[in-house]
Amino acid sequence: MNPPYLILGLVLISFLFEDLAVAAGVAISTAGSLLWSESFLAVWFGIALGDLLLYAAGYYSRKIPFLKRRFVDNLPKDSSQLNKYKLAGTIFIARMTPGLRLVSYVYLGLKHVNLWTFSFLVMLAVLVWTGSLYLGSIYLGSAIADVLPIPKSIAVTLPLLILALTTFAYPWIKSKWREL
């Protein structure tokens with residue numbers, strides 16, 4: 001397959017489902033269709049761009065009168081609540097907790113948090129998170145491929161697919177556990 005199309009595909013997939021993009025990037029690189037650096041940068045860029053677009057949605061929603069009245073005018077006026085240390089913590093926690101990115105990054109855009117600071121922290125958080133997923137998937141997948149008779153390009157995706165399925169299944173499992 002043509003590498004530019006694979007790179008574009010990884011960037012686009014990362015907008016919809018980040019874990020799948022990481023799993024696809026690892027699998028594609030393991031199969032030798034892309035260099036590791038190419039797949040990692042494509043996934044990293046796509047995830048970071050998606051986060052910046054969430055910020056932009058909040059930032060530019062101030063220009064829509066209905067949204068401004070509904071959300072912006074009711075924001076606390078005290079901007080000292082989000083100093084740079086709390087901002088870094090907010091971004092890193094939102095990056096690693098499913099469901100928090102949308103709300104957190106749109107809110108930070110609404111608050112007009114400094115774009116350069118936000119961009120730097122998002123790129124750093126995505127680098128750490130994506131790098132951790134890549135390394136974990138490579139090492140765990142290699143161990144799985146050594147134990148089970150499956151191709152390595154499939155084995156490296158299993159840890160991320162299990163993580164993704166667990167993320168989706170956790171609320172259901174938790175509700176069923178409470179019923180017992």
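Okay, let's start with a pair of side chains: D51 and R95 meet in a salt bridge, 2.5 Å from N to O. D51 sits in helix α3 and R95 in helix α5, so this pair ties together parts that are 44 residues apart in sequence. Both ends are tucked away, too: D51 is buried, and so is R95. Before I go on, keep in mind that what you're looking at is a predicted model.

So what do the salt bridges that share partners join into one network? That would be E18, D51, R95 and R101. Let me walk through the rest of it.

R95 also meets E18 in a salt bridge, here at 2.7 Å, N to O. That one links distant parts of the chain, with E18 in helix α2 and R95 in helix α5, 77 residues apart. E18 and R95 are both buried.

Then E18 has another partner, R101, and the closest N and O atoms of that salt bridge are 3.4 Å apart. Again we're linking distant parts of the chain: E18 is in helix α2, R101 is in helix α6, and 83 residues separate them.

Okay, on to the nonpolar side. The largest nonpolar core has 32 residues. Which of them have the most contacts inside it? Those are L10, V22, V43, I91, Y105, L108 and F118. As for who contributes, the elements giving two or more residues to this core are α1 (3–16), α2 (18–31), α3 (36–60), α5 (84–96), α6 (100–110) and α7 (115–147).

Leaving aside residues up to four places away in sequence, V22 touches V43, I47, T130, L133, Y134 and L160.

Two of those, L133 and L160, bring me to my last stop, as they also belong to the contact between α7 and α9. How do these helices meet? The axes of α7 and helix α9, residues 158–179, come within 7 Å and cross at roughly 115°. On the α7 side, the contact is made by L133, S137, L140, G141 and I144, and α9 brings L158, P159, L160 and L163. By class, that's 7 nonpolar residues, 2 polar ones and no charged ones.

So, to recap: there's a salt-bridge network of E18, D51, R95 and R101, a largest nonpolar core of 32 residues, and α7 crossing α9 at roughly 115°. That's it from me.

Terms used: Residues numbered from 1 in each chain as written. Predicted model: local features only at pLDDT ≥ 70, side-chain atom pairs only at ≥ 80, totals over all residues. Heavy atoms only, no water. Core = buried A, V, L, I, M, F, W, Y, C linked by side-chain atoms within 4.5 Å. Buried < 20%, exposed > 50% of the residue type's maximum accessible area, 1.4 Å probe, protein only. Helix = DSSP H or I, 4+ residues; strand = E, 2+ residues; numbered from the N terminus. Contact = heavy atoms within 4.5 Å. Salt bridge = Lys/Arg side-chain N within 4 Å of Asp/Glu carboxyl O. Axes fitted to C-alpha atoms, helices over the stretch in contact; angles between N-to-C directions. Nonpolar A, V, L, I, M, F, W, Y, C, P; charged D, E, K, R; others polar.
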